[in-house]
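Thanks for coming, everyone. Please look at the model on the screen while I walk you through its fold.

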Amino acid sequence: MLRLITVVLLLISFSCGYKSVNYSKKGGEVYCIKKIYFPRAEATALDVFTRAISDAVISSGNDLECSGRTTRFIEVRVKSLVIRPIGYSPAQRASIYKVSVDLKFTIENRKNEPLLQKDIKEMAQYTGTGLTGDVERRYAIEEIGRLVNVRIFSILTGK
């Protein structure tokens, strides 16, 4: 009976597309986030964009490490970040935010020569309840961060 269960589990695992993953193999390039420039101080947005770029680099199968192994440097210049409340709750708190970002994404080699430059423009809208203060504003910024993450992932993978 135990052998039968083992065989069935093996057949199910192979037919469902499971495969072993080799975590010891290194990715393609080694990236380092050199700098993220903002036109004005925005700590929340800086945190969100740093995390979005880091996640995109790691998800694309590359390594993220600022060391002697680094072969590519990422520089992001946020030209504009506009966060507008466009809807209000009955308590007169902002509940719908429209966020747009325009940024320049640059990948440089070790000699600070640009290898790739892309302008990224994204727009998102977040609808909340309007009862939790500025939490909706942060969620709106995180929503635009997810879009930037997807765009940078597609640039790094070429898909």
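Strand 1, residues 30-37, and strand 3, residues 72-88, run parallel and are joined by 6 bridges. This is a predicted model, so local features need pLDDT of at least 70 and side-chain atom pairs count only at pLDDT 80 or more, while totals for chains, interfaces and linings use all residues. Residues are numbered from 1 along each chain as its sequence is written, and side-chain values use heavy atoms, with hydrogens and water left out.

Some terms. Strands (E, at least two residues) and helices (H or I, at least four) are DSSP runs, numbered from the N terminus. Two strands pair if DSSP finds at least two bridges between them.

Back to the pairing. In strand 3, arginine 77 stands opposite tyrosine 37. Strand 3 also pairs with strand 4, residues 94-108, this time antiparallel, over 14 bridges. There, phenylalanine 73 faces glutamate 108 of strand 4. Strand 4 then pairs with strand 5, antiparallel again, over 13 bridges. Valine 101 sits opposite glutamate 122 in strand 5.

What is the order of the strands in the sheet? It is 2-1-3-4-5, in an open sheet of 5 strands with mixed pairing. Strand 2 (63-64) and strand 5 are at the edges with a single partner strand each, so one side of each has no neighbour in the sheet.

Now the helices. Helix 2 lies across strands 1, 2, 3 and 4, at about 160° to strand 1. Helix 3 lies across strands 1, 3, 4 and 5, at about 145° to strand 5. Axes are lines fitted to C-alpha atoms, for helices over the stretch in contact, and angles run from 0 to 180 degrees between N-to-C directions.

Helix 3 covers residues 135-157. Its buried residues (under 20% relative accessible area, 1.4 Å probe, protein chains only) include Ile141, Ile144, Val148 and Ile152. The buried residues of helix 3 pack against helix 2 (43-59) and strands 1, 3, 4 and 5. Contact here means heavy atoms within 4.5 Å. Just after helix 3, glycine 158 has a positive phi of about 75°.

Last stop: glutamate 108, in strand 4. Is glutamate 108 buried or exposed? It counts as buried, because its relative accessibility is 9%. Its side chain makes a polar contact of 2.9 Å with the side chain of lysine 34. A polar contact is a pair of N or O atoms within 3.5 Å; within protein, one must be able to donate a hydrogen and the other to accept it, and residues adjacent in sequence count only if both atoms are side-chain atoms.

How values were computed. Expected span 1.5 Å × (residues − 1). Buried < 20%, exposed > 50% of the residue type's maximum accessible area, 1.4 Å probe, protein only.
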